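Try each task before you read its solution.

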Amino acid sequence: EAAPILLEGLRRLEYRGYDSAGLAVLDPEQGLQVAKAKGRLQVLADLTGQGQKLTGHIGLGHTRWATHGAPNDVNSHPQVSQSGRIAVVHNGIIENYARLKEFLESKGIAFISETDTEVVAQLLDYYYADCGDIFEAMIRMLHAVDGAYALGIICADYPDRLLCARKDAPLLLGFGEGENMIASDVTAIIRHTRDIAYLDDGELAILSAKGCLLYTSPSPRDRTRS
């Protein structure tokens with residue numbers, strides 16, 4: 001189960017400070033499940049029964065210092081698209097989020113948070129609805145956003161895949177037996193693996209339990225891990 005492992009990783013990052021925390025876990029039967037809470041990580045742990053209330057083998061966890069929007073449950077990460085099928089965690093700042101938000105609102109998309117990260121989730125879902133392929137939608141989204149980002153993304157239509165991308169913010173891959181993971185700091189995953197690779201700027205990856213495909217946007221690189 002992913003949620004207890006995610007909580008453990010977040011506890012190892014508490015030294016960095018934060019004002020809210022959240023989890024998104026994807027289960028083929030239950031779909032996308034999200035829990036978020038303002039305050040200490042223990043609040044989130046209690047809310048989720050130490051992670052036991054969120055079932056699934058793939059997920060995202062995040063602790064946040066408020067930048068765009070007040071520190072509250074709504075503005076906490078993960079941010080979820082209007083359709084409810086895409087969840088995003090993000091370190092960094094999307095500099096052109098206001099223009100992108102205005103564009104998406106003109107297409108009838110309603111925002112519930114004050115964050116720049118919700119723009120990423122909504123824009124990715126907008127492109128996904130248009131092309132029907134999450135990887136192509138990811139490329140289009142990354143070409144549209146300006147700023148710094150370390151992104152982790154899951155989509156309900158791909159219950160065995162985790163996507164990530166990096167530009168001007170740290171992000172690393174961790175490789176294990178029957179499990180692969182991402183983190184912004186090796187401290188979060190050191191209990192599970194010491195086999196890691198740091199993403200370079202402009203790289204994105206697709207992870208599953210069996211392996212990892214690494215790309216330089218927009219063309220694949222001759223570098224895979226399995």
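For counting charges, Lys and Arg are positive, Asp and Glu are negative, and His and the chain ends are left out. Keep in mind that this model is predicted.

**Exercise 1. Charges**

Task: Find how many positive and negative side chains the chain has, and how far apart the centres of the two sets lie.

Solution: Start with the positive set, which has 22 side chains. Next comes the negative set, with 30. Last, take the two centres: they lie 3 Å apart.

**Exercise 2. Overall build**

Solution: First, list the elements: 5 helices and 13 strands. Finally, look at burial: 52% of the 226 residues count as buried, where buried means under 20% relative accessible area.

**Exercise 3. Helix 5**

Task: Work out which residues of helix 5 are buried, what they pack against, and which residue caps the N-terminal end.

Solution: Locate helix 5 at residues 134-144. Its buried residues are Ile134, Ala137, Met138, Ile139, Met141, Leu142 and Ala144. Now trace their partners. Among the helices are helix 3 (97-106) and helix 4 (116-131). The strands include strand 5 (86-94), strand 6 (147-155), strand 7 (162-167) and strand 11 (203-207). End with the cap: Asp133 places a side-chain oxygen 3.1 Å from the backbone nitrogen of Phe135.

Conventions:
Residues numbered from 1 in each chain as written. Predicted model: local features only at pLDDT ≥ 70, side-chain atom pairs only at ≥ 80, totals over all residues. Heavy atoms only, no water. Buried < 20%, exposed > 50% of the residue type's maximum accessible area, 1.4 Å probe, protein only. Helix = DSSP H or I, 4+ residues; strand = E, 2+ residues; numbered from the N terminus. Contact = heavy atoms within 4.5 Å. Polar contact = N/O pair within 3.5 Å; in protein donor to acceptor, adjacent residues only side chain to side chain. Charge placed at Lys NZ, Arg CZ, Asp CG, Glu CD.
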